Amino acid sequence: MTGLVANAFLLGLVAGMVPGPILSALFTEVVQSGFYQSLRITVWAILAEALIACVSLFALLSLRLPESIFYGLSFVGAGILLSIAYSLFQMRDFGSQTRIYFSAPKLVSLMLGNGMVWMFWITVCAPQAVVLGQKVAHGEALFIVLMELGVCVSMSALACIFACFRSVVSHPSVAPVVLRFCAFVFAYFACIMIYASVAYFVR
């Protein structure tokens, strides 16, 4: 049981550091608004992932939903990513009039529309949560809490590191390069999600 508890926290630590749309949004928000403003991205990401965790557990235990549903969600998420990438590409600096605002609905949509996150929970996390639930009362809830705690720790640590270099990346000669890079990252993950979904449906 101790191993399962430790695994939940470690999975969260690793998941929070995996490059992806949310981590890219976190970096962009740190550069635009600073460390403390970026914390809301971490909070909304955790809340959205907790929702995914609960739905995944429910689907695993009762509904037996097909994989196609989760791959289909990736098309929605990819569309959101491409729209953000386009907005970032149009920006030239991090001035207040050109900022990208990551609203709560947009952040939640990014998470819910990421089929890879769904598959990660369905195939990796949910089964372990079920096993922990068989060993201790409310083990499934404990697994989710510990994993999201790990995500919170790793994302907050990365945001702090990003904040240390904020003055460098905000420099007028550097900002356009950073913005183009962020746009490329968002577009890259959108293409990855589209490719994985198309490959699934045409196999």
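Q: What makes His138 count as exposed?
A: This is a predicted model, so every value here is computed from it. His138 has a relative accessible area of 66%. The label exposed needs over 50%. His138 therefore counts as exposed.

Q: Where does His138 lie?
A: His138 sits in the loop between helix 6 (115-135) and helix 7.

Q: Why is Cys125 called buried?
A: Its relative accessible area is 0%. Buried means under 20%. Cys125 is therefore buried.

Q: What about Cys160 and Cys164?
A: For Cys160, the nearest cysteine sulfur is that of Cys164, 4.9 Å away. The cut-off is 2.5 Å. Cys160 is in no disulfide. The structure holds 0 disulfides.

Q: Is Cys160 buried, exposed or partly exposed, and what makes it so?
A: Cys160 has 39% relative accessibility. Buried is under 20% and exposed is over 50%. Cys160 therefore falls in between and counts as partly exposed.

Q: Why does Phe35 count as partly exposed?
A: Phe35 has a relative accessible area of 23%. Buried would need under 20%, and exposed would need over 50%. Phe35 is therefore partly exposed.

Q: Where is Phe35, and which residues does it contact?
A: Phe35 lies in helix 3 (residues 35-63). Leaving aside neighbours within four places in sequence, Phe35 is in contact with Ser156, Ala159, Cys160 and Ala163. Contact here means heavy atoms within 4.5 Å.

Q: What makes Val124 partly exposed?
A: Val124, in helix 6, has 29% relative accessibility.

Q: How far apart are Val124 and Leu11 in sequence and in space?
A: They are 113 residues apart in sequence and 9.5 Å apart in space, C-alpha to C-alpha. Val124 is in contact with Leu11 and Met119, neighbours within four places aside.

Q: Why is Pro127 partly exposed?
A: Pro127, also placed in helix 6, has 29% relative accessibility. Exposed would take over 50%. Buried would take under 20%. Pro127 therefore counts as partly exposed. Pro127 and Trp44 are 83 residues apart in sequence and 24 Å apart in space, C-alpha to C-alpha.

Q: What makes Leu142 partly exposed, and what does it touch?
A: Leu142 belongs to helix 7 and has a relative accessible area of 33%. With cut-offs of 20% and 50%, Leu142 is therefore partly exposed. Leu142 touches Val5 and Leu132, not counting residues up to four places away in sequence.

Q: How do helix 1 and helix 7 meet?
A: The axes of helix 1 (residues 2-17) and helix 7 (residues 139-164) come within 7 Å and cross at roughly 35 degrees. The crossing is right-handed. Residues making the contact include Leu4, Val5 and Ala8 of helix 1 and Leu142, Phe143 and Leu146 of helix 7. By class, the contact has 17 nonpolar, 4 polar and no charged residues.

Q: What secondary structure does the protein chain have?
A: The protein chain has 9 helices and 0 strands.

Q: How do you know that the protein chain is as compact as a globular protein of its length?
A: Its radius of gyration is 18 Å. The globule rule gives 17 Å for 203 residues. The two values are close, so the protein chain is as compact as a globular protein of that length. Of the 203 residues, 44% count as buried.

Definitions and conventions: Residues are numbered from 1 along each chain as its sequence is written. This is a predicted model: local features need pLDDT of at least 70, side-chain atom pairs count only at pLDDT 80 or more; totals for chains, interfaces and linings use all residues. Side-chain values use heavy atoms; hydrogens and water are left out. Axes are lines fitted to C-alpha atoms, for helices over the stretch in contact, and angles run from 0 to 180 degrees between N-to-C directions. Helices (H or I, at least four residues) and strands (E, at least two) are DSSP runs, numbered from the N terminus. A crossing is left-handed if the near helix is turned anticlockwise from the far one by less than a right angle, and right-handed if clockwise. Ala, Val, Leu, Ile, Met, Phe, Trp, Tyr, Cys and Pro count as nonpolar, Asp, Glu, Lys and Arg as charged, and the others, Gly among them, as polar. Buried means under 20% relative accessible area, exposed over 50%, partly exposed in between (1.4 Å probe, protein chains only). The radius of gyration is taken over C-alpha atoms; the globule rule is 2.2 Å times the number of residues to the power 0.38.
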